[in-house]
Amino acid sequence: MRVVEAWLFDLGNVVMGIDFGRALAYWAKAAERDARELQQRFVFDEAYERHERGEIDAQQYFASLRPRLDVDLTDEQFATGWNAIYTGLIAEVASLLPALAKSRPLYAFTNTNVTHHKAWAKLYASTLEHFEHIFLSCAMGLRKPEAAAFAAIAKETGVPLERILFFDDTQENVVAARATGLPAVWVQSPQDVVDAVTPYLEAD
């Protein structure tokens, strides 16, 4: 067991489920289009990443989606679909958070935007209270997998990168984190989190 002084969790598909297909389904219905066509057109492009860094706002991001998806939806319709992606808490992980928070400082780091943040912060408020701080890409101006993002979190928390255990469902983020010296667990199922933290909780 390596020395771990803090936990750092991704949120989407680690603590709470997300499904972008739900947004596309809503937009397709609102635009009277085939959802499969919108799925083929939608990509996580430069505008998406800029939105997550807070470089452009929701209105600007939705404006970029209109020609890409070839739909004429209002900002309100886009926002409603955008916030339909949440599928609920991942119970096995959410149930561990109280014990993890008692064991060591518990942080989260999520690539997100202002519109999504407002939605999930309200939906899961009681569960998210266990986190000492949630680092938001749209507030930091940095997003995973950028090395500068991980360095900024280590500086802010005062915990060396090599003593923070990071959990993320995206392999690219895990590889990038490890390259900075941050030990990371690639979360492909809730059991990956359970297996990683149980030895530490039992040793406390």
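Glu 37 and Arg 41 form a salt bridge, with their closest N and O atoms 3.4 Å apart; the term means a side-chain nitrogen of Lys or Arg within 4 Å of a carboxyl oxygen of Asp or Glu. The structure is a predicted model, in which local features need pLDDT of at least 70 and side-chain atom pairs count only at pLDDT 80 or more, while totals for chains, interfaces and linings use all residues. Residues are numbered from 1 along each chain as its sequence is written, and side-chain values use heavy atoms, with hydrogens and water left out.

Glu 37 and Arg 41 lie four residues apart in helix H2 (residues 35-41), so about one helical turn separates them. Helices (H or I, at least four residues) and strands (E, at least two) are DSSP runs numbered from the N terminus. Glu 37 is partly exposed at 28% relative accessibility, and Arg 41 is partly exposed at 31%. Here buried means under 20% relative accessible area, exposed over 50%, and partly exposed in between (1.4 Å probe, protein chains only).

A salt bridge also joins the side chains of Arg 50 and Glu 55, at 3.3 Å from N to O. Arg 50 has a relative accessible area of 33%, and Glu 55 is partly exposed at 41%. Both residues belong to a network of salt bridges that also links Glu 49, Glu 52, Arg 53, Arg 143 and Glu 146.

Asp 204 and Arg 104 meet in a salt bridge of 3.3 Å, N to O. This pair links distant parts of the chain, 100 residues apart: Asp 204 is in the segment after helix H13 (190-203), and Arg 104 is in the loop between helix H7 (97-103) and strand E4 (106-110). Asp 204 is exposed at 55%, whereas Arg 104 is buried at 15%.

By the distance rule, the count comes to 16 salt bridges.
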